[in-house]
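Today I want to look up the charged pairs and then whatever greasy surface turns up.

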Amino acid sequence: MTWDAYHRRKNVLREMLAVADRRPDVTLAELLDTVTDAREAFPTETDALFDLQMAWFQRLGGQMDRLLADETESPELVPVTAWVSAAAQMPGARALLDAHRDAPALRKAVAKEQAYLAMSAGVPSSSPELTSHGRRIQESARDELAALPPAPVVEVPRPGIIARLRSAIAA
């Protein structure tokens, strides 16, 4: 993938996430059909899911690092708090990933996320219950997120003509 294709793909993903944040009921197929250049950037739903998962995991990792650096949370609460914070910041991505939670393509990524959550809570990486502990952390975080009041929807402006021209020229 060229740098131009990479940046175009990231811009399309950013726009897809903005739409998903505004419309929590949108499906991945609808996003790919309605967002400009989405089908060119992501030929299959699996391609889009992989990039969604990566964006989500990067945000989750950032939240985890921030909480670990603050040292204000107990180690057992850090992964739950980080997950809830990331999910509140990326509601569209979280909704899309939850809708495809059982997709075979995401099975490995979900297991790695669960292991990451469990290890962040202090479970040794050699533990046979690593992913099951991570799954429980995810469930606790989902319950906590569901108890929060809904966040206000912030309208993200579409890129202007100059930004779209730059993307087109870069392609």
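This is a predicted model: local features need pLDDT of at least 70, side-chain atom pairs count only at pLDDT 80 or more; totals for chains, interfaces and linings use all residues.

Ground rule for helices before anything else: I take helices (H or I, at least four residues) and strands (E, at least two) as DSSP runs, numbered from the N terminus.

Housekeeping. Residues are numbered from 1 along each chain as its sequence is written, and side-chain values use heavy atoms, with hydrogens and water left out.

**Entry 1: salt bridges**

Side chains of opposite charge can pair when their charged atoms come close. My cut-off for a salt bridge is a side-chain nitrogen of Lys or Arg within 4 Å of a carboxyl oxygen of Asp or Glu. I get 7 salt bridges that way.

I also looked up how covered the partners are: buried is under 20% relative accessible area, exposed is over 50%, and partly exposed is in between (1.4 Å probe, protein chains only).

**Entry 2: inside one helix**

How far apart are the closest N and O atoms of aspartate 70 and arginine 66? I read 3.7 Å for this salt bridge. Both residues sit in helix 4 (residues 45–70), and because they are 4 residues apart there, about one helical turn separates them. Aspartate 70 is partly exposed at 41%, and arginine 66 is partly exposed at 39%.

**Entry 3: between two helices**

Arginine 142 and aspartate 98 form a salt bridge through their side chains, 2.9 Å from N to O. Arginine 142 belongs to helix 8 (residues 130–147) and aspartate 98 to helix 6 (residues 91–99), so this pair ties together parts that are 44 residues apart in sequence. I note arginine 142 as buried, at 18% relative accessibility, whereas aspartate 98 is partly exposed at 23%.

I also found a network: Arg9, Lys10 and Asp51 are joined by salt bridges that share partners.

**Entry 4: one more pair**

Glutamate 30 meets arginine 23 in a salt bridge, 3.8 Å from N to O. Glutamate 30 is partly exposed at 35%, and so is arginine 23 at 36%.

**Entry 5: the greasy bit**

For patches I use residues with over 30% relative accessible area and no salt bridge, joining like charges within 9 Å and nonpolar side chains (Val, Leu, Ile, Met, Phe, Trp, Tyr) within 5 Å. Which residues form a nonpolar patch on the surface? I find Ile161, Ile162, Leu165 and Ile169, with about 430 Å² of accessible area together (Shrake-Rupley method, 1.4 Å probe; for residues, only the protein chains shown count as cover). Isoleucine 169 lies in helix 9 (residues 161–170) and counts as exposed, at 72% relative accessibility.
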